[in-house]
Amino acid sequence: MTTVDIAGVRTRAGAVVEDVARRLADPVAMMAEMAERSPDRWTPLSLSDGYPATALLFAELACADAGYRAVTHRHLAQGVQAEPAVRGLYVGAGALAFATARAVRKPGDYAGLLSTLDDLLTAWVARRLHPEWERLAAGTTGTAFSAYDVVTGVTGVGRHLLDRGAAEVTRAILRYLVALTETAGGRPGWWAEHPATKAGQADAGMAHGIAGPLALLALAWQAGVRVPDQEAAAERIADWLLTWSDLDEHGRYWPAWVGAADLAGRPPRLAPTKSAWCYGGPGIARALALAGSAFNRPEWTDEAVAALTATLRRPEADLGLGDAGLCHGWAGLLHLVSRTGRETGSPELLAGADRIAARVLDSYDPGSAFGFRPDGTGDSAGFLEGAAGVALALLGWLGAPACGWDAALLAA
């Protein structure tokens, strides 16, 4: 990536965000566009593609312009009409609760709705953890992503409940995550079947792997919500992540997961995965940076900065980023590099974020329904893979997030 005209990029980024917001402002019209263009993507109560996803963008915009508060409310009001089943943070009650909490501007805002949703989530956590504690007590190895991860498991829900001041249930989640870091039968405690391959593996990434729990352990510690052996669990995760990384000519990188064959005999070179939020160095580095700050382990922060810097030095073709989105695209990389660069003061990360912002804007497509097409063909309004998420990443680059939307990524 070459040097860029930062003032020009910032001006263009602001204009693109305004255009995306204009396209998404009417939730009924937006849903009709999604139903026509990308019907398989739309789930009304979803942080991936649903009303909570778009409400997050307007909640962030409302921090600077109160006129967006009414728009935020309209999107949330559409979401309330759907059945709030609990399926983790990203679908159902978790998605609606998270977006609603980010829209709160004064005590009492949405208090009744949030109380109801938080009660649903608290009961779900108890139901989700009960079989896991039984499994652990019996010494049975093997869990499922849906038990512990950021997207469908207790880690993502725990991030929301931490901010809601639900210390008791958050501690219950932390105790489980501490237990999950213990080795069982020679395998990491989060060893799980992959739903696609049915092969057992220990995931390293942020979305479905152990980096997400590391981030929650760190953020809870920073907030003063602590359980026995929490710091030791964070150290076990960090050590495992650093052990199961590899080096190329640019620096440190990670595989997507570690399989049984890897445990039996580590290969000479681990296969790199994409450089994204969901899997790969950027998401893992962010978790290490959070843990380094929380537990006063500057060496972890240094490793995080070095890993992100290595990502910036790799050829674009080697990054595996196929779209502009947050999950596995350029917007996710932008936000993690930008946020970590701002916190650490790393000149290379800050300069890299500027270049990535320009790269994200290259994906802007005024001929699309919402300004960005996540896979180059389909239209998506949403957060994780759609236009709202890209706009939020651009806003995050322009200035630190105000409503805390990136807590959904366990980035803060």
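These legends describe close-up views of a predicted model. Local features need pLDDT of at least 70 and side-chain atom pairs count only at pLDDT 80 or more, while totals for chains, interfaces and linings use all residues. Residues are numbered from 1 along each chain as its sequence is written, and side-chain values use heavy atoms, with hydrogens and water left out.

**View 1. The largest nonpolar core.** This core has 146 residues. A nonpolar core is a set of buried Ala, Val, Leu, Ile, Met, Phe, Trp, Tyr and Cys residues joined through side-chain atoms within 4.5 Å. Buried means under 20% relative accessible area, exposed over 50%, partly exposed in between (1.4 Å probe, protein chains only). Tyr90, Trp277, Phe372, Phe383 and Leu394 have the most contacts inside the core.

**View 2. Surroundings of Phe383.** Neighbours within four places in sequence are left aside. Contact means heavy atoms within 4.5 Å. The partners of Phe383 are Leu47, Ser48, Ala53, Leu56, Tyr90, Leu326, Ala388, Gly389, Leu392, Trp405, Ala408 and Leu409.

View 3. A salt bridge is a side-chain nitrogen of Lys or Arg within 4 Å of a carboxyl oxygen of Asp or Glu. By this rule the model has 24 salt bridges. Helices (H or I, at least four residues) are DSSP runs, numbered from the N terminus. Arg37 and Glu33 lie four residues apart in H2 (residues 27-37), so about one helical turn separates them. Arg37 is partly exposed at 39% relative accessible area; Glu33 is partly exposed at 28%.

**View 4. Arg102 and Asp163.** A salt bridge joins these side chains (2.7 Å, N to O). The pair links distant parts of the chain, 61 residues apart: Arg102 sits in helix H5 (residues 93-103) and Asp163 in helix H8 (residues 154-163). Arg102 is buried at 9%, whereas Asp163 is partly exposed at 41%.

**View 5. Helices H3 and H4.** The axes of H3 (residues 51-64) and H4 (residues 68-80) come within 8 Å and cross at roughly 165°. H3 is therefore roughly antiparallel to H4 (an angle over 145 degrees). Axes are lines fitted to C-alpha atoms over the stretch in contact, and angles run from 0 to 180 degrees between N-to-C directions. Residues of H3 at the contact include Tyr51, Phe58 and Leu61. Those of H4 include Tyr68, His75 and Leu76.

Technical notes. Helices (H or I, at least four residues) and strands (E, at least two) are DSSP runs, numbered from the N terminus. Angles under 35 degrees count as roughly parallel, over 145 as roughly antiparallel, 65 to 115 as roughly perpendicular and the rest as oblique.
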